[in-house]
Amino acid sequence: MTGNRSSSPLFPVPMRGGTLPRLCFLSYRQIRGFAMPVVAEYTGRAEITVLDGTFGDALAIARDRLERGLVDAFVSAGSNASILRAGLQAPVATIQLTGFDLLQALIKARRIASRVGVVMYGQTIPELDEVKDLLNIEVVQHAYRTPDDARQRFEQLRREGFEVIVGSSLVVELAEQAGLHGLLAYSLGSVRKGFEDALELARVARLEAGRYEQLNSVLHNLQEAVLAVDRDNRVIAVNPAMQQLLGPSQTRLIGQSLQALEPELSLQATLASGQVERAVVQRFAQRDWVVNRTPIREHGEIVGAALTLYDARAIQEADTSLRMQQGRRQSAARHRFANLIGRSPAFVRAVQTAKRFARTDLTVLIVGESGVGKELFAQSIHNDSVRAGRPFVAVNCAAFPEALLESELFGYEEGAFTGSR
């Protein structure tokens with residue numbers, strides 16, 4: 001019924017995660033009835049749901065199916081196909097009107113009358129002027145863009161005395177309501193080709209959906225705020241951290257333009273240039289972030305981009321923790337007397353002397369040329385002393401200006417000079 005919704009799942013097939021693609025045939029009543037033999041041919045190859053809908057109603061029906069996750073690809077013809085392609089971010093296979101289809105329709109019309117009106121969606125067909133001479137038939141054709149436009153064109157032909165009208169489903173319905181002969185311009189071959197195209201689109205859509213699900217699964221476990229967009233800067237993946245930044249959890253971000261959602265985070269420049277941006281500090285949502293923008297390539301072609309936001313505070317905390325750990329490692333004595341290798345009498349006496357002093361609380365001065373192992377002895381004395389569990393701090397006095405060496409060794413008051421602590 002034109003303008004009304006009707007649903008008929010033709011074949012019981014598993015839903016999402018099943019093996020068969022899910023097609024939605026969205027059409028006018030006339031082409032739906034005409035195409036049913038072809039639909040029946042796809043038993044076992046696809047789950048096909050047939051829905052009646054026209055113009056704006058068709059778009060609302062299709063969006064509802066998409067939001068509920070019930071379809072992989074749509075099949076439609078004429079005005080419905082154009083509306084769905086323009087209004088959906090989903091695969092739409094079009095049942096194309098061919099010259100052979102129109103020729104067959106005109107041959108049928110010629111058997112009824114010598115004057116035939118043609119009313120099609122979109123634009124007129126110049127090739128008809130040549131065909132009508134070959135068929136010895138008078139053909140007047142019109143094109144329409146809206147239902148009201150189609151009714152006006154039809155009424156014009158009816159007033160001019162045309163009794164046979166060839167056209168789309170809407171035009172055929174108008175003809176039947178007026179008691180005229182209405183002939184659908186499409187052929188079963190074109191319908192079959194539309195369903196074959198839809199199967200391929202559904203297969204590709206499922207592959208893409210599988211990739212996006214894997215990507216979302218990985219992103220879901222990341223603490224950083226991450227999202228990815230397609231080549232049109234529309235969101236294709238987003239993790240919970242980014243979802244929380246961009247809007248409430250119930251807001252659907254997938255499929256929306258990132259430029260419209262948050263112009264400050266847009267990846268349009270990355271998509272255009274293909275350049276990687278790393279460690280860019282940016283203020284967003286009253287917080288400082290370290291931002292990475294990276295293009296996504298397939299076979300050398302840019303097909304999308306990814307955005308990662310690192311919390312600057314977390315980076316600062318991690319940096320502090322890392323420095324503390326490094327400080328602890330640097331303040332540890334690694335060498336012991338057992339590691340000192342030597343057999344000369346002088347070396348053995350030096351080791352024995354160092355061991356005796358290690359057990360005392362005396363200050364020890366170790367002298368020797370550069371490279372003889374003074375710090376090895378110092379670390380060994382420390383590890384053999386009662387302070388073995390305390391930090392070992394090695395200071396390279398040659399690296400300090402003379403004026404600061406005394407303060408470095410014996411301490412100074414906080415604020416005695418800029419940055420002192």
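Student: At what angle do helix H1 and H7 pack, and how far apart are their axes?
Tutor: Keep in mind that this is a predicted model. In it, helix H1 (residues 29-41) and H7 pack at an angle of about 105 degrees, and their axes are 7 Å apart.

Student: Why are H1 and H7 called roughly perpendicular?
Tutor: Angles of 65 to 115 degrees count as roughly perpendicular. The angle here is about 105 degrees, and therefore H1 and H7 are roughly perpendicular to each other.

Student: Which residues of H1 and H7 meet?
Tutor: From H1 you have Arg-29, Gln-30 and Ile-31, and they meet Ser-169, Val-172, Glu-173 and Glu-176 of H7. Sorted by type, the residues of this contact are 2 nonpolar, 2 polar and 3 charged.

Student: What makes Leu-23 count as buried?
Tutor: The cut-off for buried is under 20% relative accessible area. Leu-23 has 2% relative accessibility, so Leu-23 counts as buried. Its place is in strand S2.

Student: Which residues does Leu-23 touch, leaving out those up to four places away in sequence?
Tutor: Among them are Ala-46, Ile-48, Val-71, Ala-73, Phe-195 and Leu-199. Take Ala-73: Leu-23 and Ala-73 are 50 residues apart in sequence, but their C-alpha atoms are 5.2 Å apart in space.

Student: How do you know whether Asn-233 is buried or exposed?
Tutor: Use the cut-off again: buried is under 20%. Asn-233 has a relative accessible area of 0%, so Asn-233 is buried. You'll find Asn-233 in the loop between strand S10 (225-230) and strand S11 (235-238). Its phi is near 65 degrees, a positive value in a residue other than glycine.

Student: And what about His-299, buried or exposed?
Tutor: Exposed means over 50%. His-299 has 86% relative accessibility, so His-299 counts as exposed. His-299 sits in the loop between strand S13 (287-298) and strand S14 (301-311). Phi of His-299 is near 55 degrees, which is again positive in a residue other than glycine.

Student: What makes up the largest nonpolar core?
Tutor: That core has 28 residues, and those with the most contacts inside it are Leu-26, Phe-74, Leu-84, Tyr-144, Ile-165 and Leu-170. Strand S2 (22-27), helix H2 (55-67), helix H3 (78-87), strand S6 (115-121), helix H6 (147-159) and helix H7 (169-177) each give two or more residues to this core. H2 provides the largest share, 5 residues.

Student: Which residues is Phe-74 in contact with, beyond its neighbours within four places in sequence?
Tutor: The list includes Cys-24, Ala-62, Leu-66, Leu-84, Leu-88, Val-92 and Ala-198. There is also a second, separate core of 23 residues, with Val-50, Val-75, Val-191 and Ala-202 among its members.

Student: Which residues of helix H14 (residues 374-383) are buried?
Tutor: Phe-377, Gln-379, Ser-380, Ile-381, His-382 and Asn-383 are the buried ones. Helix H13 (345-358) is part of what covers them.

Student: How much of the whole chain counts as buried?
Tutor: Of its 421 residues, 38%. The chain has 15 helices and 14 strands, and it exposes about 24500 Å², with carbon and sulfur atoms supplying 51% of that.

Note on methods. Residues numbered from 1 in each chain as written. Predicted model: local features only at pLDDT ≥ 70, side-chain atom pairs only at ≥ 80, totals over all residues. Heavy atoms only, no water. Core = buried A, V, L, I, M, F, W, Y, C linked by side-chain atoms within 4.5 Å. Buried < 20%, exposed > 50% of the residue type's maximum accessible area, 1.4 Å probe, protein only. Helix = DSSP H or I, 4+ residues; strand = E, 2+ residues; numbered from the N terminus. Contact = heavy atoms within 4.5 Å. Axes fitted to C-alpha atoms, helices over the stretch in contact; angles between N-to-C directions. Parallel < 35°, antiparallel > 145°, perpendicular 65-115°, else oblique. Nonpolar A, V, L, I, M, F, W, Y, C, P; charged D, E, K, R; others polar. Areas by Shrake-Rupley, 256 points an atom, 1.4 Å probe, with all protein chains shown as cover.
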